[in-house]
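Me: I would like to learn how to read pockets and cores in a protein model. Please start with pockets.

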Amino acid sequence: VGLSDPSYSVSSQRQKIEVLNNLIVSCSAYNLEEKKIILPTGDGMVIGFLLNPELPLKLGIQLHNKLRTHNRGKGDRDKIKVRIGLSSGPVFSVSDIKNNQNFWGPGIILARRVMDIGGEGHILLSDSLAKALLSLKDEYARTINYIGEYSIKHGQTLTLYSAYGDDFGNPEAPEKGR
């Protein structure tokens with residue numbers, strides 16, 4: 001959120017992106033699984049875990065905790081703010097025009113649409129991922145909350161859930177797409 005704000009100097013934007021990358025790599029959930037895809041997207045990224053559906057949520061919670069510590073005592077312009085969209089679905093390896101490996105698929109596209117609905121501090125989940133996690137462990141019923149139907153591109157509607165607790169997430173329902 002705001003990492004590519006043109007009112008920030010390029011140096012400041014770059015520094016925030018590097019700090020964010022370092023915070024993500026320092027999260028234990030990021031390091032638990034070898035089988036994952038990483039796709040840098042400028043001022044953000046796609047991280048796909050291939051084997052464990054709980055790791056994206058765990059990573060989001062851990063990142064929020066690290067950001068809270070990092071942002072403590074900083075002015076608003078110096079804070080790093082994020083929004084997170086979580087989903088599941090097919091992802092394919094494709095070659096780009098230079099024959100470099102890249103990733104594409106409905107799983108990534110849907111996660112992006114989910115993230116686009118969110119604002120600062122949101123950890124939003126697609127309906128399918130939320131239901132899968134809620135069926136795995138009773139503890140998720142305390143942190144994964146239904147928030148409603150949201151309109152996205154191409155006339156589609158998403159059923160979304162928000163993950164939040166005392167020290168992570170944003171309990172306010174997003175306004176975009178209502």
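Reply: On a 1 Å grid over the protein atoms alone, a pocket is an open set of points where a 1.4 Å probe fits, with protein on both sides within 12 Å along at least five of seven lines. Grid points are joined across faces, edges and corners, and a volume is the space filled by probe spheres set on the points. Here the largest pocket has a volume of about 1,100 Å³. This is a predicted model, in which local features need pLDDT of at least 70 and side-chain atom pairs count only at pLDDT 80 or more, while totals for chains, interfaces and linings use all residues. Residues are numbered from 1 along each chain as its sequence is written, and side-chain values use heavy atoms, without hydrogens and water.

Me: Which residues lie nearest the centre of the largest pocket?

Reply: Lining residues have an atom within 4 Å of a point. The largest pocket has 42 of them, and Met 45, Val 46, Ile 47, Gly 85 and Ala 111 lie nearest its centre. Helices (H or I, at least four residues) and strands (E, at least two) are DSSP runs, numbered from the N terminus. Helix H4 (106–117) gives the largest share of this lining, 7 residues.

Me: How does the lining of the largest pocket divide by class?

Reply: Ala, Val, Leu, Ile, Met, Phe, Trp, Tyr, Cys and Pro count as nonpolar, Asp, Glu, Lys and Arg as charged, and the others, Gly among them, as polar. The lining of the largest pocket has 25 nonpolar, 12 polar and 5 charged residues. For the second largest pocket, with about 280 Å³ of space, the classes are 4 nonpolar, 4 polar and 5 charged.

Me: Which residues touch the most other members of the largest nonpolar core?

Reply: A nonpolar core is a set of buried Ala, Val, Leu, Ile, Met, Phe, Trp, Tyr and Cys residues joined through side-chain atoms within 4.5 Å. Buried means under 20% relative accessible area, with a 1.4 Å probe and protein chains only. In the largest core, of 27 residues, they are Leu 57, Leu 63, Leu 125 and Ile 144. Helix H3 (55–71) supplies the largest share of this core, 5 residues.

Me: Which residues of helix H5 are buried?

Reply: In H5 (127–136), Leu 129, Ala 130 and Leu 133 are buried. Seen down the axis of H5, its buried residues fall within an arc of 100°, so they line one face of the helix. The arc is that of the directions from the helix axis to the C-beta atoms.

Note on methods:
Buried < 20%, exposed > 50% of the residue type's maximum accessible area, 1.4 Å probe, protein only.
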